[in-house]
Amino acid sequence: MTQMTVNPKTSSLELFSCLLNQLSQGPVVLAIVTATQGHVDSQVGDKLLIWGDAQSAGSLTENTVKATVTTQAFSVLKTGISQRMVIDPGNNMFAVSSIPTEDKSTTDQVHVWLTRWQGEGAIATAQAMLYALEAPHTSRLIVPLVTGQFPYIIDRNSPSLRNLQGQDAYIEEL
């Protein structure tokens, strides 16, 4: 098993370069922390790539969360169906759901969205992300938190955000 921890300050460029490189070998799961609650080490925006036989790279370093995400990534790699996970790192428990819930029964939670990247469309999106990260203007990574929809890049001033009305999404400035 190969593991790499990417410096959060340079994680996006290094991580998406790694994603593009790994996509030429086969499918990759991108896991993104989309929300946190309580006292957890994970931060919104932490990412982890998982491919092959549990190889990984990314800024997600909370051990319980990373292990749980890595284990669940095999299901996403196999089925191609995106998943939302709610993980309680203190109790080592998690739930998988495609619909967000307001579970207040535990105070410590890490919400993670897992998406399988594969094929020419994924390679084109990864290339667009690298271009956006190196460009002087700001772009946005849009990750719809809906099974069946794939992440994409838009210009910072694009009206495309209106298309997300009423839909959960993770949006990151690149």
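Here are some questions and answers about this predicted model.

User: Which residues does T34 touch, leaving aside neighbours within four places in sequence?
Analyst: T34 belongs to β2, and contact here means heavy atoms within 4.5 Å. With those sequence neighbours set aside, the contacts are V44, H111, V112, W113, L145 and Y170.

User: How many Å does helix α2 reach from its first C-alpha to its last?
Analyst: α2 runs over residues 63-79, so count 17 residues. At 1.5 Å a residue you'd expect 24 Å. The model is close to that, at 25 Å.

User: Where does α2 bend?
Analyst: The helix spans residues 63-79, and its bend is about 25°.

User: Which residue just after α2 takes a positive phi?
Analyst: α2 covers residues 63-79. Just after the helix there's a phi of about 80°, and it belongs to G80.

User: Which element gives the largest share of the largest nonpolar core?
Analyst: That core has 24 residues, and L19, L23 and L49 touch the most other members. Elements giving two or more residues to this core are α1, β2, β3, β7, α3 and β8. The largest share is six residues, and it comes from α3.

User: What does L49 touch, not counting residues up to four places away in sequence?
Analyst: L49 is one of the residues touching the most other members of the 24-residue core. Skipping the sequence neighbours, L49 contacts L15, C18, L19, V28, V29, L30, Q55, S56 and A57.

User: How many residues are in the second, separate core?
Analyst: Its members include L48, L60, V65 and V110.

User: Which are the edge strands of the open sheet?
Analyst: Three strands make up this sheet, in the order β9-β8-β10, with antiparallel pairing. An edge strand pairs on one side only. That gives β9 (152-155) and β10 (169-173).

User: What is the bridge partner of I142 in β9?
Analyst: β8 and β9 run antiparallel and are joined by four bridges. α3 lies across both strands, at about 35° to β9. For I142, the partner in β9 is Y152.

Key: Residues numbered from 1 in each chain as written. Predicted model: local features only at pLDDT ≥ 70, side-chain atom pairs only at ≥ 80, totals over all residues. Heavy atoms only, no water. Expected span 1.5 Å × (residues − 1). Bend = angle between axes of the 7 residues up to and from the residue. Core = buried A, V, L, I, M, F, W, Y, C linked by side-chain atoms within 4.5 Å. Buried < 20%, exposed > 50% of the residue type's maximum accessible area, 1.4 Å probe, protein only. Pairing = 2+ DSSP bridges. Axes fitted to C-alpha atoms, helices over the stretch in contact; angles between N-to-C directions.
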